[in-house]
Amino acid sequence: MPDRNLPTPPSSVGARRPPCAPRLPRVTSALLVAIAAGACYAPMVLTENDADLVLARQAIPGPSPAEAGPWDVGYLTYGSGTDRNRPGFADSVAIVTDSVDGSKLLTWDTQRERREAYWGFSIEGLPLNGRVWYPEAPGTGGAPGAGGTGEAPDSGTALGSGEGGPFPLVLVVHGNHAPRDFSDPGYDYLGELLASRGYILVSLDMNFINGIRRENDGRGWMILEHLRAWHDFANDPANPFFGRVDLENVAIMGHSRGGEAVTHAVAFNRLERYPDDANVTFDYGFPIKSVVAIAPVDGQYTPTGRKAPIEDVNYLVFHGSHDGDVTSFHGLRPYNRLDFTEAGHFKAAVYMYRANHGQWNSVWNSFDRGPRSGRSLDLRYLVDPADQRRMAEIYVSAFLGATLKGETRWLPIFRDHRVAGAWLPKTMYITRMEAAGNTVLADFEGDIDVTTGARGVTLRGDSLETWREATLDLRSRNQAATSASQEDQAVWLAWNNRIEGDTTAHGPPGVFEITIDPDLARRAALDEGSSIDLHLSATDRLPPPRSDPRPEEERPEEERPEGEQPNEERPKEERPEEERPEPAETERPAGDDEEEEAPPPPIDLTIEVEDASGRTARVPLSDYGPIRRPLEIRILRRQDLEAGMDHTELVLQSYHIPFADLIARSPGFDPATLRHLRLVFDRVALGEVVVDEIAFSRLPAPFWEARVPR
């Protein structure tokens, strides 16, 4: 296996790959990746300028949120007590639960007889089965690690002394998988970690509805039925959980189809009637504070023909680039749909390079396409399963700590993953975060006028090769999506400051300017505690040089030999070699030796602000995080089968620029009278970026208590 420690950065750009190494993306601001490929591995090219990003010191004091906490871990199961296939839900259950009638939301269709024969119950009598990891005071009867993945009937039925608590409650539901390859034990690693840190985690058994029609709304409904049962547990003096459950601090989690189901549970929780049949009434109204979606699908169930709305919950979603099942980051869509109407919430998205779909579940592992996955998927690209689950432990524990326990020290992890660089597995991450209360300047939604943003905001481009608004796409549609859209608009900005045919001439830098009405600035109450937020990614595109704006008689003689056509009028292949623009990655001639290709130039730009007095302040965007091009993705063993697929996913990174930093650069600058915010493309000669959700925010202080040194 490759060494997972960070090596010394190479001293030059463009290091060659060993001949046996798989093709890897050249990413300039990145963590080093080593991938096993037969008997050797190839590190990703890393430039000298990346050293401060890669080797950044650990910025959050203390142990990782994935370290075991002070509690012993107890384990038990609850359920029907009569399950014919699951010993853990048969007569060894600690709590016997009533069944629920799912016939108004679910159907077993033509498989009814076969399913009833195997499971031993009907759609009218679905069991509420769950496996529970819970905290126990040390030495009082807890059984650390008792959960495991087995079905042993003697897995523990007592809560020991009952000391401690009440503890926050977390429910997790699996997605679609072979129904008889039981999925619910696969979150044991989260159960043991979270119980040790003072949570009750329940993994819900829904294997018996895997693969049926109307599956995801059924999962959402069953989550709420389990929550109803937990309210009964917590309020029943005869129940072992009496008085030990904090019902005001509840989170729900879901993986794959379960990741979509949690959004339906949030929606149903606030409804009086089932959207698709108003004869079915709901009466839930539970205080669900936080939602975690792991590699979710989106849009398999659309209540009343629309995507399920989601608002006023804390939301974390994460996805792997090499997901062989849900092959695009569909969780960005509910992330974008989530609205905040009240303060105190935030949402975060994390994209993990080389993570797959199944390794978040210890039962599923690398089999994203079933037992024969190795025949179609190139599994060499994947991170180690333990590393992938370690990432989930870090982010889930930090998110629940921040949102259910008020452990604000974890908040910087969601703003900038590099502050957790000593804890996270060594691969690449893209992170996005937004908090309630942002003042949006431009989200590029709502109209087709590219010169307007939010009310009181105008937009202007100058010396740009491209300035257009469009929809962000996913890399693939697959069965989980109704379209290949992220359902989000953004702006594309491209520039090349060079003049064609003149290697020394540069025009003025490209600029994208946002002008803010004084009333908007006043309402935003900007000061040194405010920040500028935006989402951004570079693309692989390298725009051509500008046409020379000078009259012909003012151009240098050597540019225009007598009788020769202007370069812009000649085919590219007929131009002198030194006058040809560097080709984009997709334009390189077939047959070029990949080992000789230089990596594309890094991307950077300047954030510039100007107040009413004309005083300006400027900072490089790269001070606030790596600016990456999309990461290359190749999932299949036969690459010819991927010829028609996109090999990248355009996932935008969040950047948060405090006005305090701008004031420090330019004392006397007054954010309260801000008039202009500019993206100035003066730090590199050419490139293209995609930008979204430009806003002012006032992040709570803990978001800024940990910073990666610049």
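Keep in mind that the model you're looking at is predicted.

By that count, the chain has 11 helices and 27 strands. The chain runs to 710 residues, and 58% of them count as buried. Take the contacts between residues at least 6 apart in sequence: 78% of these join residues at least 24 apart.

## Two helices crossing: H4 and H5

Let's start with helix H4, residues 215–235, and helix H5, residues 257–268. Their axes come within 7 Å and cross at roughly 60°. That angle makes H4 oblique to H5, and the crossing is right-handed.

Who does the touching? On the H4 side you'll find Glu 215, Asn 216, Asp 217, Arg 219, Gly 220, Trp 221, Ile 223 and Leu 224. H5 brings Arg 257, Gly 258, Glu 260, Ala 261, Val 262, His 264, Ala 265 and Phe 268. Sorted by class, the residues of this contact are seven nonpolar, four polar and five charged.

## Another crossing: H3 and H8

Now find helix H3 (residues 188–196) and helix H8 (residues 385–404), whose axes come within 10 Å and cross at roughly 40°. H3 and H8 are therefore oblique to each other, and their crossing is right-handed.

From H3, the contact uses Tyr 189, Leu 190, Leu 193 and Leu 194. H8 answers with Arg 389, Ala 392, Glu 393, Val 396, Ser 397 and Leu 400. This contact of H3 with H8 has seven nonpolar residues, one polar and two charged.

## The two sides of H2

Helix H2 covers residues 112–119, and Arg 115, Tyr 118 and Trp 119 are buried in it. Why do these residues lie on the same side of H2? They span an arc of only 85° around the axis, and that puts them together on one side. There's a handy rule behind this kind of pattern: an α-helix has 3.6 residues a turn, so residues three or four places apart point the same way.

Just after H2 comes Gly 120, with a positive phi of about 85°.

Most residues other than glycine have a negative phi. You'll find Ser 256 in the loop between strand E8 (245–255) and H5. Is Ser 256 buried or exposed? Its relative accessibility is 4%, so Ser 256 counts as buried.

Asn 365 is another non-glycine residue with a positive phi, this time near 55°. It lies in the loop between E13 and helix H7 (373–376). With 21% relative accessibility, Asn 365 counts as partly exposed, because the cut-off for buried is under 20%.

Which strand holds Ile 430? Ile 430 is in strand E14, residues 429–435. This residue is buried, with a relative accessible area of 7%. Ile 430 and Met 352 are 78 residues apart in sequence, but their C-alpha atoms are 6.9 Å apart. Leave aside its neighbours within four places in sequence, and Ile 430 is in contact with Ala 349, Val 350, Tyr 351, Arg 628, Val 651, Leu 652 and Gln 653.

Two loop residues are worth a look as well. Thr 341 sits in the loop between helix H6 (332–337) and strand E13 (346–352), and it counts as exposed at 58% relative accessibility. From Thr 341 to Asp 312 is 29 residues in sequence and 6.4 Å in space, C-alpha to C-alpha. Neighbours within four places aside, Thr 341 is in contact with Glu 311 and Asp 312. Glu 445 is in the loop between strand E15 (439–442) and strand E16 (457–462), and is partly exposed, with a relative accessible area of 34%. Glu 445 is 44 residues from Gln 489 in sequence and 5.8 Å from it in space, C-alpha to C-alpha. Not counting residues up to four places away in sequence, Glu 445 touches Asp 488 and Gln 489.

Methods: Residues numbered from 1 in each chain as written. Predicted model: local features only at pLDDT ≥ 70, side-chain atom pairs only at ≥ 80, totals over all residues. Heavy atoms only, no water. Axes fitted to C-alpha atoms, helices over the stretch in contact; angles between N-to-C directions. Helix = DSSP H or I, 4+ residues; strand = E, 2+ residues; numbered from the N terminus. Parallel < 35°, antiparallel > 145°, perpendicular 65-115°, else oblique. Left-handed = near helix turned anticlockwise from the far one by under 90°. Contact = heavy atoms within 4.5 Å. Nonpolar A, V, L, I, M, F, W, Y, C, P; charged D, E, K, R; others polar. Buried < 20%, exposed > 50% of the residue type's maximum accessible area, 1.4 Å probe, protein only. Arc of directions from axis to C-beta.
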